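Here is a friendly briefing to read alongside the coordinates.

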Amino acid sequence: MAKLWAIIKREYLERVRSKWYLLSTALAPLFFGIIAIVPMVIASRTKASPDLSHVVILDATGTQLGLRVAGELAGGISGAPTRAVVRAVAPSELAPAETLATHEVMRLQDPMLGYLVLDSSTIAGHSERYAGRNASTLVDVSEIESSVRRALLAQRLEHEGLQPSRIKELTKVDLKMTSERLSDRGREVGGLANALFSYLIAFVLYMMLVIYGQQILRGVMEEKTSRVAEVVISSVSTDTLLAGKVIGVGGASLTQIIVWVVSTALVFKSRGVILARLHVANVELPIPHIGIGIALLLLAFFVLGFIFYAALFAAMGSTVTNEQDVQQASLPVTMLLVASIVFIQPILLDPTSTFSKVMSWLPFSSPILMPLRMTVVQVSWAELAGTLAGLLLACVAATWVAARIYRVGMLMYGKRPTFREMARWVRRAA
Amino acid sequence: MSEIALDIQNVRKSFSGHVAVKNLSLQVPCGSVYGLLGPNGAGKTTTIRMILDIIEPDSGTISIFGESSLRGRAGNRIGYLPEERGLYKKMQVRRVLKFLAELKGVRGRDADKRIEMWLQRLSLTGGDKDWGSARVEELSRGMQQKVQFIGALLHEPELIILDEPFSGLDPMNAQALKDTVVDLRREGRTVIFSTHLMENAERLCDAVCIIAHGEKVLDGTVTAVKAEHGGHYVAIALGQDRPSAVADIFADRSLVNGLDDSNRTVEIELAPNADAQLLLRKLIDAGATVERFELVQPSLHRIFLDTVGATGVEPGMSGHG
């Protein structure tokens, strides 16, 4: 036990003392803080987006629709269409009118943002056309589209004999949807925020497994190539060395995560004070509530996932003796991790599908995908317990196989072993 | 306490069809310096790794101080310096040594005290620079070897196993290591070292075992081995200008059975019933300047060549004159 502790201590302290570790641990909260505060400061300092009414409207409808749209773009039905240039054109003259409008958009002096074409198809409620510098800005395009929709609706209502003021009352619909997640704990705020938060959790887990897994692989390879492993193995068993390495490096990564979570939470908590000092209004961010139960489950998935992948990375590290082979050796294990991360989006889109469930049960993907699923939708305790038990069994199997490859691999030099040879080592050791 | 520090009986080890060690048996008495001699690839390192339980023998038994398992107490009674030296390059020297001490059950201030004592003793601190606080990668190769040697001794082992300890060492560091081995012997510890440099073995060892191609060729105390391979040997030193007739004398099979010519010194095995005086007279008559003419016991190098054969000797190992 004392020897295991000596190995854990070395692995942990040598990592947390490194400049890379100290920098990444200290800078990440700063990064998260910047994400939480800077956009608000920038938003309060910068002017509103460019005036959308600075467009040419080619109205081939033979109605007043162009003027109405200009009004909508300028800020509502009674808005002054000061910037928009509305041209009534005959449908047959649309082509030269568009050419002229294109020149107005492309000119150097006071260029227009774009031009909008309204024709009989627009009146029929089918289509409109827009060409402009901001055509790929989704928000702008969406605003232009809804302005035309509102203007057309107003025109139709006026045809039906309604007063403009009454139309204004009826068409002013400023809906903002808030989404809530329903779970056993009742209603929770921020459905979308919840999804983003879950994505963040899954991504951090993935990142830590890849970064620290690779560190273990390289650490094992260095121990082997520098031959220091022989001295250590003469004092402790390879199983103890492997266990100490996984626990020590795992501890270093867990420390980093805890520092990140605590410091980021502190930054978020004191965000109001910081923003007040910068004279910026605070906006409530809907951060989902993470209870102690969920936190412990996340921890369990991380710890078990780490053991599973770290053991496999260590086994692969013991089979290589040079930098060139590292990428090849780590590829099979990294592929398992990548296979988990590529399914984040489909699972976020439909977390209750059979595919999402199966992926979150499989031991190689459950450390990333189950935390993702369980923070998006309600997952039963039985399902969570089953997944954890499966992952635990996979950990035992992975460490058993890894320890056997590691035991032989650490003293093997020369060419890299094939998978068949590694399988033979495992069989023989068993 | 057992009188035998290490007892190996009929040990065999093979790798993928190649037999590295064949039915090896040897005994190392407590408090002796024991040399495991053999050319490169003879099976010395494999034997040492089996002694240390790093690899398991296919058959046979190994016991250390009467215990067959190293995982118990016996493990902490052994100090080991492997042939391929290596330390954690980015770690500070004192931290590496503390870690190695902890692996052997020495902790806290006790470990710190021993580390300082050894750093001082092997001149790694106390001079212009305190190398103990430097990173391993900042040390020269010789210094790194010293650090690793300290690592093998921190827990005051009763049995010290040194695999090719002199390879890569400059004369100063080699001397420091030899002095330490002699001190350890005086303190009553058992030292086993493998080498293919016979001169070192001859100077340091109480007993030796020569192995080649995984098999024991001979073993015993150095005195007994030399007596057994007695014969008549003469060490001759000749002046710079050697007359051509000398070569004819050396080629005379009625006088000379074999020779090891190292330019300035020639070690000659006399033919059975040959007279050393006759050889001396012939050399003087041939006009050679004889600076030294001495009846000697065969050197370990000579015995090694005779028993293993020149074919078993790797290039660069004929370090003996």
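The contact between the two chains (heavy atoms within 4.5 Å) takes 21 residues from chain A and 22 residues from chain B. This is a predicted model, so local features need pLDDT of at least 70 and side-chain atom pairs count only at pLDDT 80 or more, while totals for chains, interfaces and linings use all residues. Residues are numbered from 1 along each chain as its sequence is written, chains are lettered from A and ligands numbered from 1 in the order in which they are written, and side-chain values use heavy atoms, with hydrogens and water left out.

**Where the chains meet**

- Chain A and chain B bury about 2200 Å² between them, with 59% of it on carbon and sulfur atoms; buried area is the accessible area (1.4 Å probe) that two parts lose on being put together, summed over both.
- Two salt bridges are counted between chain B and chain A, a salt bridge being a side-chain nitrogen of Lys or Arg within 4 Å of a carboxyl oxygen of Asp or Glu.
- Lys9(A) and Glu102(B) form a salt bridge, and their closest N and O atoms are 2.8 Å apart.
- Seven residue pairs, both at pLDDT 80 or more, are in polar contact between chain B and chain A. A polar contact is a pair of N or O atoms within 3.5 Å; within protein, one must be able to donate a hydrogen and the other to accept it, and residues adjacent in sequence count only if both atoms are side-chain atoms.
- On the side of chain B that touches chain A, helix H2 (residues 93-103) of chain B gives the most, with five residues. Helices (H or I, at least four residues) and strands (E, at least two) are DSSP runs, numbered from the N terminus.
- By class, that side of chain B has 11 nonpolar, three polar and eight charged residues. Here Ala, Val, Leu, Ile, Met, Phe, Trp, Tyr, Cys and Pro count as nonpolar, Asp, Glu, Lys and Arg as charged, and the others, Gly among them, as polar.

**Chain A**

- Chain A has 18 helices and six strands.
- Of the 430 residues in chain A, 45% are buried; buried means under 20% relative accessible area, exposed over 50%, and partly exposed in between (1.4 Å probe, protein chains only).
- Chain A exposes about 22300 Å², and carbon and sulfur atoms supply 66% of it. Accessible areas come from the Shrake-Rupley method with a 1.4 Å probe; for residues, only the protein chains shown count as cover.
- Among contacts in chain A with a separation of 6 or more, 73% come from residues 24 or more positions apart.
- Thr264(A) sits in helix H10 (residues 238-269) of chain A and counts as buried at 14% relative accessibility. Its side chain reaches the backbone oxygen of Trp260(A) at 2.5 Å. Leaving aside neighbours within four places in sequence, Thr264(A) is in contact with Pro29(A) and Phe32(A).

**Chain B**

- The secondary structure of chain B comes to 10 helices and 13 strands, and its C-alpha trace spans about 75 × 50 × 40 Å along the principal axes.
- Buried residues make up 52% of the 321 residues in chain B.
- The accessible surface of chain B is about 14400 Å², of which 46% belongs to carbon and sulfur atoms.
- Most residues other than glycine have a negative phi. Phe65(B), however, has a positive phi near 50°; Phe65(B) lies in the loop between strand E4 (59-64) and strand E5 (78-81) of chain B and is buried at 8% relative accessible area.
- Glu164(B) also has a positive phi, of about 45°. Glu164(B) is in the loop between strand E6 (159-163) and helix H5 (171-186) of chain B, and is buried at 4% relative accessibility.

**Charge pairs**

- Over all chains, the structure holds 35 salt bridges.
- Lys90(B) and Glu137(B) meet in a salt bridge at 3.4 Å, N to O. The pair links distant parts of the chain, 47 residues apart; Lys90(B) is exposed at 55%, whereas Glu137(B) is partly exposed at 35%.
- Asp110(B) and Arg114(B) pair at 3.2 Å, N to O, in a salt bridge, and both lie in helix H3 of chain B, four residues apart, about one turn of the helix.
- A network of salt bridges links Arg10(A), Glu11(A), Arg15(A), Glu223(A) and Lys245(A).
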